[in-house]
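Hi,

Here is the structure I promised to pass on. Have a look at it first, and then read my notes below.

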Amino acid sequence: MSELQETPLLSTHLEGDEAPDFEAPKHGFLPIETNWFDRLFISVVIWVAMSLFWFRFIEPLGPSIWLSNAVALGLAVWIIKKG
């Protein structure tokens, strides 16, 4: 078997202006690293849970499910943009 040769990273050889500028990942308020699709999935799960809660406890008191959908949509936009 051949042994693997260890080579240093390219960025350790570069100096000053030659070194690539790496951006730090942006962190939102969610405690996990996510992309936009993950945040969309989280928003859909919250929408379903909110709808079920609304049907069970709030709608018998009078308010329509459309109010819950509007709140869920606003929350989804906020999670996708800032999460």
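This is a predicted model: local features need pLDDT of at least 70, side-chain atom pairs count only at pLDDT 80 or more; totals for chains, interfaces and linings use all residues.

Now the overall picture. The protein chain has 2 helices and 0 strands. Of its 83 residues, 16% are buried. If you take the contacts between residues at least 6 apart in sequence, 51% of them join residues at least 24 apart.

Next, have a look at helix α2, which runs over residues 65–82. Its 18 residues reach 26 Å from the first C-alpha to the last, close to the 26 Å expected at 1.5 Å a residue. The buried residues here are I65, S68, N69, A72, A76 and I79. Looking down the axis of α2, you'll find its buried residues within an arc of 95 degrees, so they line one face of the helix. Here's a handy bit of background: an α-helix has 3.6 residues a turn, so residues three or four places apart point the same way. And what do the buried residues of α2 pack against? Their partner is α1 (36–58). On the other side of α2 you'll see W66, L73, K81 and K82, which are exposed.

F29 comes from the segment before α1 and W78 from helix α2, so the pair ties together parts that are 49 residues apart in sequence. Both partners are partly exposed: F29 has 40% relative accessibility, and W78 has a relative accessible area of 44%. Then there's W36 with F37: their centres are 5.8 Å apart and their planes at 90 degrees, so that pair is edge-to-face.

One last thing, from the UniProt record. An unreviewed entry there lists residues 36–55 and 61–80 under "transmembrane region". In the model, residues 36–55 are 100% helix and 0% strand, with the end C-alpha atoms 28 Å apart. Residues 61–80 are 80% helix and 0% strand, and their end C-alpha atoms lie 31 Å apart.

Cheers

Note on methods
Residues are numbered from 1 along each chain as its sequence is written. Side-chain values use heavy atoms; hydrogens and water are left out. Helices (H or I, at least four residues) and strands (E, at least two) are DSSP runs, numbered from the N terminus. The expected span of a helix is 1.5 Å times one less than its number of residues. Buried means under 20% relative accessible area, exposed over 50%, partly exposed in between (1.4 Å probe, protein chains only). The arc is that of the directions from the helix axis to the C-beta atoms. Contact means heavy atoms within 4.5 Å. UniProt positions are given in the numbering used here, feature names are shortened, and annotations may be inferred rather than shown by experiment. Rings of Phe, Tyr and Trp (its six-membered ring) pair if their centres lie within 6.5 Å; planes under 30 degrees apart count as stacked, over 60 as edge-to-face and the rest as tilted.
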